[in-house]
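This report describes selected features of a single structural model. The sequence and structure are shown first.

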Amino acid sequence: MLRVLQINRNVRSIRRYRQIVRVLAAHGLYQLLDYLNLSHIAARRRRASDILHLAPQERLRLAMEQLGPTFIKLGQLLSTRADIIPPAFVAEFALLQDRVPSIPFEAIKAEIELELGAPVEERFSSLETTAMAAASIAQVHRARLKNGAEVVVKVRRPGVVQMVETDIDILMGVALLLERHMARSDIYDPVGFVREFAHTIRREMDLSKEGHAIEKIRDNFGGDETLCFPKVYWEATTHGVLTTRYVQGIKVSDLAALDAAGLDRRLIAQRGAVVFLRMVLEHGYFHGDPHPGNVLILPGNVICLLDFGMVGRLDPGLKDYLADLLNALIKRDVDEVVAILIDKGEVGENLNVTSLKRSVAEFIDSYFEIPLKEIHVGRVLLAFIDLISIHRIKLHPDLALLIKVIVTVEGMGRELDPDFDMVAHLRPFLEGAFREKYSPTHIAREAAAATHAYLSLFKNLPREIREILKKINRNKFRIDLEHRGLDRFSRELERSANRLSLSLILAALIIGSSIAMQTGRGPLLFDLPAFALVGYASAGVVGLWWVVAILRSGRL
């Protein structure tokens, strides 16, 4: 049975693989296909594309939207990684639209019944047939439970899991190719990136995890009355269906409605900043997509967050790293910024420290004359990512997501209150993080962790040394060396050698046939030497096939 499933999955992969290549070719992305050595599959479609006047990043964004949820989510994740892709692509991928047409209600109803194991009528007293919202992974319908509670039902689209898993297989194959053939792939770590992406999108497809995220963040705030979280109805929630309380409020971006309702925009901006900074710097677990559509304002200036499909985590080490870096940037201390990047960042082996220090100094000087309250923290961090990417310093994925969130939150704050000062809100949290870091309790905890690590090292060291000595004694000790980037060169060299050999064979056929024609010996065909005619015909067929193959490859 498992083999049958594997065969079906392989067939799906081949079909999807060819579909992806066709879409990329239709959008004129031949350079990408050439780089992946796939241009021979798409060569016939070179003339079909009519969007070549668009910039490459725009064509790639359109191709991703056509390829569906996996590639939309991939592009959205890449839009947070200014440290690994050019700024033009970051800006373009941020435009990726996750809104798609809704699918027929009957399909959604069947999916709900499959997930809940009962007819819809047994779980809901009413379920609206028109979707409130439709995205690439799920769509949302209003409903009423049997107990009378008004709810929203988020339903995973039928078949989306299989499609995403197939795409992940293909992306992992591409990542392995890139890791093997791309120069300096250790900096970009394509396989690690795809693994991180697979983890993120699988988590987003499991709607029950979104329910757990709502409750975890709610519990972290411990009954804060300035916040509201939609209640999760677990009796109507599974991996593919999430049922939460319907919350009615005003969108945070609807300033006119906020004013008409008598709400205090300045207070809302302050509360929003504090909520976000507590999630990041105190709890280490934060809402990863707080765009204006996911933030409602309720009476009493209460903030309600929606859609917890994407969340970020900062472990204690990352929180310390972020707090130290922000603190050093706000103090405008060049040496401290560089020291933090080198000590705690993922730097390459060939880092030029002098050049890095000069870049950081110029970066800080560019903000020197600007009052702190006028500094846009999000924009500063985006510019800082550009700086470290130039020096091949890698950024942790959760930090990349966090910076995107900071940009969004700060933008909302300034929309609500033109005098909004993110630095003023940030400073107390950084001071608190600094006090926590150097508190006796924290130092004692760090010392205990270091002691445990050293004890573990001393405990395991003799065994590991013994294993190495055993392998040396048995002549089984070996070191694997891998040449990156040479495989592509080897293939090209082999292809050139084959073409040269084929040319020599063609030349030999033509010369041999000409000699046979001149001698006139042997059997005759149409009064001409048969061997000469066969030789000419063979040379003609092989030569024609060879020319067609070269033209199709696009490499004359």
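## Helix 21

Asn 475, which has a positive phi near 60°, follows helix 21. Helices (DSSP runs of H or I, at least four residues) and strands (runs of E, at least two) are numbered from the N terminus. The model is predicted: local features need pLDDT of at least 70 and side-chain atom pairs count only at pLDDT 80 or more, while totals for chains, interfaces and linings use all residues. Residues are numbered from 1 along each chain as its sequence is written, and side-chain values use heavy atoms, with hydrogens and water left out.

Helix 21 covers residues 440–473, and its end C-alpha atoms lie 49 Å apart, which agrees with the 50 Å that its 34 residues should span at 1.5 Å a residue; the expected span is 1.5 Å times one less than the number of residues. At Leu 461, shortly before Pro 462, the helix has a kink of about 35° (the angle between axes fitted to the seven residues ending there and the seven starting there).

An open, mixed sheet consists of four strands in the order 5-10-9-7; strands pair if DSSP finds at least two bridges between them. Strand 5 (227–228) and strand 7 (250–251) are at the edges with a single partner strand each, so one side of each has no neighbour in the sheet. Strand 9 (residues 295–298) and strand 10 (residues 302–305) run antiparallel, joined by four bridges, and Ile 297 is opposite Ile 303 in strand 10.
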